[in-house]
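Please examine the sequence and the structure shown here before reading the briefing.

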Amino acid sequence: MFDLIGVWVGAILTLLVFSYLLRDTPLFRIAQAIFVGVAVGYAVTVAVRSVLIPLLFEPMFTGLFVNGEIPWLYFVPLILGLLLLAKFRAEWASLGNPSIAFLFGVGSALAIGGALGGALIPQLKASIVSLAPELGGGAVNNLFLLIGTIGAFLSFRFIIPTGRRAPMRALDVVARAWGRVGRWFILVAFGAIFADTAVSRISILIGRFYYLLHDWLQVVK
Amino acid sequence: MCATPNKVESVFCLSCGARLVPLTVASAPEKPRPAASPIKGLSLPARESPGELPAELQKLEAELAEPEEKDTATWLDTLRATSATVESAPPAEATAEEKEDVPDWLSVVQSGTPAQPAEAKKEAEIEPAAEMPAWLSKLRPAAIPEESGDAISAPVAQVPDWLRAATPEKQAAIPEEPPLQASSTETPETPVEHEPDWLTASASTQQEPVSKEPELESKTEEPAAPTIQVPPPTPVAEEEIPAWLLELKPQSAELREPAGGETVKPTEPLLESLQVPADLMSGQTSISARPAPSPSLSTISDDDIPDWLRTAPSAPAVNVEPIQMPAGAEPPPAIQPALPEEVPDWLASLKPKEQPLEDETIESSGPLAGMRGILPLALAVAEPHQPPQMASTVVKGDSGKLFESILAAPQFDAAHPAVASKRRVWTMRPLIYLLMALAVLIPFFIPSDLASSSVDLSNPLVTNFYDTVQALPANSTVLVSFDYDPSQSSEMDLQAKAIVQHLIKRRIKIIALSTLATGVPIAQKILDAAASNTTNYAYGTNYLNLGYRAGYEAGLSQLAAGGFQPTAKDFSKNQSLSTFTSFANVKTLRDVAVVIELAGSEDALKMWMEQVQPNAGVKIIAGVSASVEPKARAYHDTPNKQLAAVVSGLIGAAQYEVLTNQAGLALTSLNAQSAAQLTLVLIIGLGNIVFWISHRPRRNV
C-alpha cells in the first residue's frame, strides 16, 4: 500500500517538475519546495541520528554515568557546536567565530594537502610524457598532450612584451600562436564536458520516463 | 476746468492747475487755517474759483450762502440736541418744536424712520422750488433718501460725474468706502476743537446702538459679511467747506451711524449704488440682504463708473472683523461668480488666489523658504519632458505659457524606453521538447536489440572495472561509497545495481557508506534489492551499511588515517561495527580489497582521490555519472592509476551488464538513449544549417 502511495506521489511530483517546460508555474514551485524541504529535513534527521547521538552524546553519557569519568575531550566539539548557534543572533555572532575559524582552518588544510598529493602532483607526473614512446600510437597522443597542455597555459598569458630584441619578439609571436591553439583545446574540452553532461541528463530523463511508464502506468515491462 | 479726477487730498488740479478747494466759502476767515486736511471719500473734479465763475452763478451762490448759514447753524444745533437725547429716546420721538426748526430734509435724517421720507418728499419738492434755482432744486430732493428714488432717475444722465457721486446713495457709501477709510488712518488727525459741530453731533449720534436705527438694523442683520472698524471721519474745518458742499452735508448725515466702533460692510453700499457687477464684489457675502439698488441709478452703465471705483478691493486688509450673526440667522448665500466673459482681463488678473494650486510647492529651505509658487527648476531641468508642438511663430510674451506647457507635458522615461507590447512569439522550443519526448518514449514500445548488440565491449575503462571485480577473491570485503543523491539516481542506479549484483554474484562482502546524507537510503535500497535475488546473502553477514560519513574531506581523511571506528553504528540495525562478527577483521581501509566509488559529482570523486587514495594506498575504482567522466579519465590516465577503472554513465552500465551477462535496465534504456542522442545531434545540426543560411552574406547586396 505504501509502495503504491509512494509511486503515485513520485509520479505526480515528476509531472509537476515537467510543468516547467511550459513556464515557471506554481506547480513547479510547489514541487521544488517539497524537494528542498524533504531533503533538508531528512539531512537534519540523519545528522542527529548518525552523528550527534552516536559520536557525541552517547560517549559523553557513557563516560559520565557508566564509567564515572568526565569525558573532557567531547566537550570541545560540544562547545564549538554550541557556539555556532550564536550566529543566529547578530549581537552574539562573534562568539561563533572560533568555530567557523576551526572549520575553515581544518577544511583548508585538508583541501590544500589533498590537492597537492591527490591532484596536482599526480597530474604533473601524468603530463611528463615521452615523445618517443615504444608504442607507435603513443607518440602522437603524447604530442597532442604536450601541445594541448602548454597551449592551454599560454592561452591565459596576458603579458605585453616590452623588449625590442628580435628573439623576444619571436618568442612572443610563438607564444601568441600557441596560446590560440591551446584555446581550441580548451574549447574542445568544454565541448566534451558539455556533451557528457547532456548525455547524463538524457539518462536521467529516460529514467523518469521509465518510472512513469513502468512503475506508475505499468505499460512497459 | 478740465474735469480731471484728482486725488482727494489735492488742492490744485494736477492737469490744469485750477484750485480744487475754494478759499472764500467759510464765514470765519479770521481763523488761522489749519493744514489742508484731505477730504475723504471723493475725488473731486476741478472747479473754478468763485471769482472765475460766471456772474450769474456767482449771484446764485451768494443768494444761497446766507440762508445756508442759517440753516447750517440750525440743523447743527438740532444735531447736538439729538446727540444729547438720543440714548434716552429714539429719534422718532423728537418734539414738534425741533421739527419746526429743523429743515424738512434734516428732520428726515434725524427721525431716521422709513415712514418720514414720504412726507419729507412732498415738502422737499416744494421748498427748493421757491428758494433755489432749478438746477439746485433738483439736487435737494435727490439728497433725501427715498425708497423709490424716482426723483433723480430722470436727470441722472445729465448730471456730471462728480455730482452723480454726490447723490444720497453714493454719499451714503462715502464713510463706508474701505480703501478711502483705510487710507484715512494714515493721515494726521485733526484736533477735536477743529471739528465742525455737525460732525461732532454726528459722532455722538453714532454711539447709539445700531439696533435703534431701522436702516442700519437691516444692515447689521446682514449675515457674515467681512466688516471693518470704521474710524471716525476726519473732520474738516467748516470754513474750508464750500457752500455747495455744505448744502450736501446734511444729506451725508444720514450715514453718520457707521462710525467708529461699529461694523459695516466695506464698500458694499457704494458699489451697489453704482450697479457694480456681482463679480466685482468678490469677497462680499450677501446680495439678497443688501438694500435694493436704487432704480434711479440703474441706468448708469459700467462705462460711467470711473476706474477708481472699479478697482474697489474685495477684502480690506485692515481691521476685518466678522459680523456677529444673530441666533438662528441663515448663512448668506454665496455670490455667484460672473461669467468669465463678463470679467475684463485686467480685473480678473487682480482676483486674489485664495488657495494654492495642488501641485504648487512651498519652499522649505534656502533663502526662498516659506514662499510658494516657486518655479520648480529642478523638475524642469533634471527630468526629461516631451517637447510640445512648436508653433511656427511664438510670441515672445507667450514664453511663459510655452514653459508651462512643457512642464505640463507628460513625462517619459528616457532611461527605460517604452516596452513593446508583449506578444506571444512562436519558437521551436516546444517542437524540440516534443521530438525529445518521442525519441525517449518510442524505443520503450518498440523492443529492439539494435543498441544492445552494438555495445562496444572493448572499452578498457569498463573492462578494467570488470576485471578488477572479477579478480577479487571470494569472501573478500569491498567498500562501496554511494555518493550521489536521488536527483542522480536515475542514471547512477543502473551501474550501481549492475556492480552490486556482480559483487553479490561473486560472494564478496560489501560495506556501504555515503558522504551524503541522502545517499544512505539509496545504498540500503539497492543492497537489499540485490541481496533479495540471491540466496544466502544477508545483511550483517554479507553486507553492511555504515550509513552517513560526516565531515566530507575531514571524514574521509579520518577514515583513511584511522580506519573504521569499532563504535560506529550501522544504518539499518543501529548496532556498532564490533557486533558484526563477519566484519570484525575490517578495521582500516587496508583491510578492504578495493574501494568502489559511485560518484554523481566531481566533488565526491575528488575527495576520494585527494584524501583517501594518496594516504590509504588502497585500490579505487569508480562508477561515475557521464558528466564526471572527463574528470575521472584524468585520474585514470595518471601513471600510477589513481583510478584503476571507471564505469561511466548509462552506456558504461549497459556495457557492464553485457560483460556480466545480466540484462538489466541499462540495456533496456540504451535504445532510448541512442534515439535521444541521435535526435539531439540532428536538431543541433539542423539548427546550425538554418543559422548559416539565414546569416550568410548575400551576393546581390
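The briefing below begins with the model as a whole and then turns to its parts.

This is a predicted model, in which local features need pLDDT of at least 70, side-chain atom pairs count only at pLDDT 80 or more, and totals for chains, interfaces and linings use all residues. Residues are numbered from 1 along each chain as its sequence is written, while chains are lettered from A and ligands numbered from 1 in the order in which they are written. The model scores ipTM 0.91 and pTM 0.56.

**Confidence**

- The pLDDT is the predictor's confidence in each residue, from 0 to 100.
- Chain B has a mean pLDDT of 69, and 47% of its residues reach 70 or more.
- Residues 112–130 of chain B have a pLDDT below 50, and beyond near neighbours in sequence this stretch has 35 contacts in the model; two residues are in contact if their C-beta atoms, placed from the backbone, lie within 7 Å.
- Over residues 201–228 of chain B the pLDDT also stays under 50, and the model has 84 contacts beyond four places in sequence for them.
- Where pLDDT is low, the predicted coordinates should not be read in detail.

**The two chains**

- Helices (H or I, at least four residues) and strands (E, at least two) are DSSP runs, numbered from the N terminus.
- Chain A has six helices and zero strands, which gives the pattern α-α-α-α-α-α along its sequence.
- Chain B contains 27 helices and nine strands.
- A residue is buried if 20 or more other C-beta atoms lie within 10 Å of its own, exposed if 12 or fewer, and partly exposed in between, with C-beta atoms placed from the backbone.
- Of the 221 residues of chain A, 9% count as buried; of the 701 residues of chain B, 36% do.
- Among contacts with a separation of 6 or more, residues 24 or more positions apart account for 33% in chain A and for 75% in chain B.

**Where the chains meet**

- In the contact between the chains, 40 residues of chain B touch 40 residues of chain A.
- Helix H27 (665–695) of chain B is one of the elements that give two or more residues to the side of chain B that touches chain A, and H27(B) supplies the largest share of that side, six residues.
- By class, that side of chain B has 19 nonpolar, 15 polar and six charged residues; Ala, Val, Leu, Ile, Met, Phe, Trp, Tyr, Cys and Pro count as nonpolar, Asp, Glu, Lys and Arg as charged, and the others, Gly among them, as polar.

**Helix H2 of chain A**

- Helix H2 (residues 26–66) of chain A has a kink of about 50° at A:Ile53, shortly before the proline A:Pro54; the bend at a residue is the angle between axes fitted to the seven residues ending there and the seven starting there.
- A:Ala31, A:Val46 and A:Ser50 are buried in H2(A).
- The cover over the buried residues of H2(A) includes helix H1 (2–18) of chain A, together with helix H22 (519–532) and strand S6 (543–548) of chain B.
- Just after H2(A), A:Gly68 takes a positive phi of about 70°.

- A nonpolar core is a set of buried Ala, Val, Leu, Ile, Met, Phe, Trp, Tyr and Cys residues joined through C-beta atoms within 7 Å.
- The largest nonpolar core has 76 residues, of which B:Phe465, B:Ile510 and B:Ala512 touch the most other members.
- A second, separate core of 12 residues includes A:Ile202, A:Phe209, B:Val440 and B:Ala675.
- Strand S8 (residues 620–624) of chain B is largely enclosed by the rest of the structure, because five of its five residues are buried.
- B:Ile620, B:Ala622 and B:Val624 point one way from S8(B), whereas B:Ile621 and B:Gly623 point the other way.
- Strand S7 (residues 594–599) of chain B and S8(B) pair in the parallel sense over five bridges; two strands pair if DSSP finds at least two bridges between them.
- B:Ile522 lies in helix H22 of chain B and counts as buried because it has 24 C-beta neighbours inside 10 Å.

- A:Gln218, in the segment after helix H6 (166–216) of chain A, has a positive phi of about 60° although it is not a glycine.
- B:Asn574 has a positive phi of about 55° although it is not a glycine, and is found in the loop between H23 and S7 of chain B.
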